[in-house]
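Please read it beside the sequence and the coordinates.

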Amino acid sequence: MKINLPVTQTEVEMAEGMVLVSTTDTQGRITHCNRAFVQMSGFSYEELLGQPHNLVRHPDMPPEAYADMWSTIGRGRPWSGIVKNRCKNGDFYWVQANVSPVMEGGKPAGYMSVRLKPTREQVRQAEQLYRDMAEEKASGRRSFRLHAGGIRGVGWRDWPKRRYRLTLSQRTGLATGAALAAAVWGGSALAEGLAGLGMPVLLWQGLCAALAWAGFQTWFVHSTAKPLAEAADVAGNLAACNLDGMLDYDPTNPIGQIKRQLWLVNLNMRAIVTDVRAEVDEMVAEARAIRDGTLDLSARSEQQAQAVAETVASVTQMTASLSETSATVSELSQLSADAHQHADAGSQATGEVSSSMERIRGSSKRITDIIELMEQLAFQTNLLALNAAVEAAHAGDQGRGFAVVAAEVRALARRSTDAATQIRSLIDASVSDVDTGGHRVDEAARTIQDVVGSVQRVSSMLQSIETAAREQLHGVTQIDQAMQLIDDVTHRNAELASASAVSSETLERRADTLQRAVRIFRVNA
């Protein structure tokens, strides 16, 4: 036998009204278990489904108990007993197990187990029974055995209980025969023994027959009629969907076996209805949660749709603004290009002015040279006139005319010298002005060159801005298209959310209907 470990000495009691339900296939593998079974065992659904049911077997349980259970349910008969089960963490719990075969074609196709909370007296009796079984097994002496969940003697100890194997027909026939024999034989014997009283034999036989009939009637009412009436009450409660009834039965009586089957039907239906109610309650709660969540989603989708619409409007305005900005940048770029051309023309003109100033400066230098030559000529002329005057003075009267001419020449030379001096002054002033103008033209040329460079940089930057503006316009256009798509999707999501809310409300109504239909079965919570 499989020994499940670890094991502790901590008992976990089932809650009042708790019902543990599981189903297995013919190999004992778990095919279904309810939430209460999962809670008590400590295992998860994944750890239980598809696994052998002996996963919860406690090592203290004798193997004979499970052998008796499988032998009984394998023949298509129900089995009941007090069983000690093990939790995942090693703790244990006691259950009143009721195993019913699920029959198909006269053979078990699976098994349904319903477990209730046992009383403490039932637990005490089960513990004593399992201790006695262990002691007898250790000693090699056997005085009893398990049979169909009950206790049977071994050898001669089992003889008195063999009467329980008689069917109802056999028991009724034996009781009827005994009553007739008592009436006939007893009446004759009593008449012979009391012959002195003067009563006829027939009267004594009739009296014995009446007594035998009364005894048979009493036996029949106690063993058959009353149990049948109780069974009919239970069947009536089942027909009325009342699953609250409790039923006592005697498994040694044929009618008691019927009552047991009815009780098992009531128990199984109660377990199923309890599970269905719990699941329906959960389904209703989930449906309400879905409805609330869907309504919230619908409201949020509406808000999102409104926000997306506002965003679309903003993006549209941004697109228009970017279009205007792009056009403005294009105009600025064109104006920058024109300014660049004008700056180039100004630079060229400044260069030409600078060249002219250089030529004027060169001409001024040449004029200065010519004036110096004129001054030299005037100086030499003055010397010649002075020499001529000296010679004229030496000549006397013959040189007077020549002296006058020399004086005039000297006067002309002096006037030429004065004019040359004035021209030099003017030329020097002009040269100074030309130099100043040249420096200023050079500074203007450098400034214009700086302006040209700045205009070039501005033009380059404007071209970059124009390119970026075109790219931004393209990107915003794509964003606008995407926002339009998101707007459409958001509206469709809002419509789907509204439809989902309607579906959830429909699901809730149907769950309520299912809940009301299941609640026709009355079960104490």
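## Strand pairing and burial

Strand S3 and strand S4 (residues 92-104) pair in the antiparallel sense over eight bridges. Strands are DSSP runs of E with at least two residues, numbered from the N terminus, and two strands pair if DSSP finds at least two bridges between them. The model is predicted: local features need pLDDT of at least 70, side-chain atom pairs count only at pLDDT 80 or more, and totals for chains, interfaces and linings use all residues. Residues are numbered from 1 along each chain as its sequence is written, and side-chain values use heavy atoms, with hydrogens and water left out.

Within the pairing, Asn85 stands opposite Tyr93 in S4. The hairpin of S3 and S4 has five residues between the strands, and Gly90 there takes a positive phi near 100°.

How many residues of strand S3 (residues 79-86) are buried? Eight of the eight are, so S3 is largely enclosed by the rest of the structure. Buried means under 20% relative accessible area, exposed over 50%, and partly exposed in between (1.4 Å probe, protein chains only). Trp79, Gly81, Val83 and Asn85 point one way from S3, while Ser80, Ile82, Lys84 and Arg86 point the other way, and all are buried.

## Single residues

| Residue | Relative accessible area | Class |
|---|---|---|
| Cys33 | 3% | buried |
| Cys87 | 4% | buried |
| Ile151 | 45% | partly exposed |

The structure holds zero disulfides, a disulfide being a pair of cysteine sulfur atoms within 2.5 Å.

Ile151 has its place in strand S7 (residues 150-153). Its C-alpha atom is separated by 9.5 Å from that of Leu129, 22 residues apart along the chain.

Pro6 lies in the segment before strand S1 (20-24).

## Cavities

A cavity is a set of points, on a 1 Å grid over the protein atoms alone, where a 1.4 Å probe fits but cannot get out; lining residues have an atom within 4 Å of a point. There are two cavities of 30 Å³ or more.

The lining of the largest cavity consists of Glu11, Val12, Glu13, Met14, Trp94, Lys117, Pro118, Arg120 and Val123. These residues divide into five nonpolar, no polar and four charged. Ala, Val, Leu, Ile, Met, Phe, Trp, Tyr, Cys and Pro count as nonpolar, Asp, Glu, Lys and Arg as charged, and the others, Gly among them, as polar.

Methods:
Helices (H or I, at least four residues) and strands (E, at least two) are DSSP runs, numbered from the N terminus. On a 1 Å grid over the protein atoms alone, a cavity is a set of points where a 1.4 Å probe fits but cannot get out, and a pocket is an open set with protein on both sides within 12 Å along at least five of seven lines; lining residues have an atom within 4 Å of a point. Grid points are joined across faces, edges and corners, and a volume is the space filled by probe spheres set on the points.
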